Amino acid sequence: MNGAGKRFNRVDDYARIIANIHAHGIAVQAGIVFGFDHDTESVFDETLAFLERHCLRLSSAALSPFQLMRQSPVYRDPARYGLRLVPDPVPRHRRLRFSARAEGDLLPPDRAAALVDEGVARLGGWFAGRWEGPTLFHAFLRAELSQGH
């Protein structure tokens with residue numbers, strides 16, 4: 001996600017960060033998005049191999065295809081990311097959920113979705129119910145509440 005401006009995502013640091021968080025008794029949940037930022041099928045394979053290597057320190061992994069979200073940096077400035085917004089043929093007042101599409105250096109949405117399905121099948125049930133400890137979100141929420149926020 002370097003191209004998406006996600007400065008907090010540095011692959012070289014993942015193993016160390018996961019080990020440190022896990023060592024402090026906090027569950028680590030991985031959220032993986034495929035199909036953006038010059039993703040190729042080899043990136044997909046490398047990501048799944050990483051998840052397989054570190055599965056004992058991860059409580060769960062959620063795989064999803066890239067979705068263009070309203071008001072995200074990519075949506076607000078698609079040209080910066082080499083993308084062009086595609087007009088939606090369905091009027092906004094006729095849909096229940098916002099939907100945006102773009103063209104550019106993206107895996108086709110159907111291929112990204114197929115890779116996610118393949119990844120879920122490959123990983124099997126490794127992450128389901130692995131550990132019932134608190135998540136980083138729970139630790140953050142507890143800290144905020146204890147400070148009266």
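Colleague: What share of the contacts with a separation of 6 or more comes from residues 24 or more positions apart?

Modeller: First, the ground rules. This is a predicted model, where local features need pLDDT of at least 70, side-chain atom pairs count only at pLDDT 80 or more, and totals for chains, interfaces and linings use all residues. Residues are numbered from 1 along each chain as its sequence is written, and side-chain values use heavy atoms, with hydrogens and water left out. A contact means heavy atoms within 4.5 Å, and residues 24 or more positions apart make up this share of those with a separation of 6 or more: 68%.

Colleague: In what order do the elements of the protein run from the N terminus?

Modeller: Helices (H or I, at least four residues) and strands (E, at least two) are DSSP runs, numbered from the N terminus. The protein has five helices and four strands. From the N terminus on, the order is α-β-α-β-α-β-β-α-α.

Colleague: Which stretch has a pLDDT below 50?

Modeller: pLDDT is the predictor's confidence in each residue, from 0 to 100. The protein averages 78, and 77% of the residues score at least 70. Where pLDDT is low, the predicted coordinates should not be read in detail. The stretch below 50 has nine contacts in the model beyond near neighbours in sequence, and covers residues 128-133.

Colleague: Is helix 2 roughly parallel or roughly antiparallel to helix 4?

Modeller: Axes are lines fitted to C-alpha atoms, for helices over the stretch in contact, and angles run from 0 to 180 degrees between N-to-C directions. Helix 2 (residues 41-53) and helix 4 (residues 109-123) pack at about 25°, with axes 11 Å apart. Angles under 35 degrees count as roughly parallel, over 145 as roughly antiparallel, 65 to 115 as roughly perpendicular and the rest as oblique. So helix 2 is, relative to helix 4, roughly parallel.

Colleague: Is P78 buried or exposed?

Modeller: P78 lies in the loop between helix 3 (73-76) and strand 3 (83-86). Leaving aside neighbours within four places in sequence, P78 contacts L83 and L85. Buried means under 20% relative accessible area, exposed over 50%, partly exposed in between (1.4 Å probe, protein chains only). P78 has 14% relative accessibility, so P78 counts as buried.
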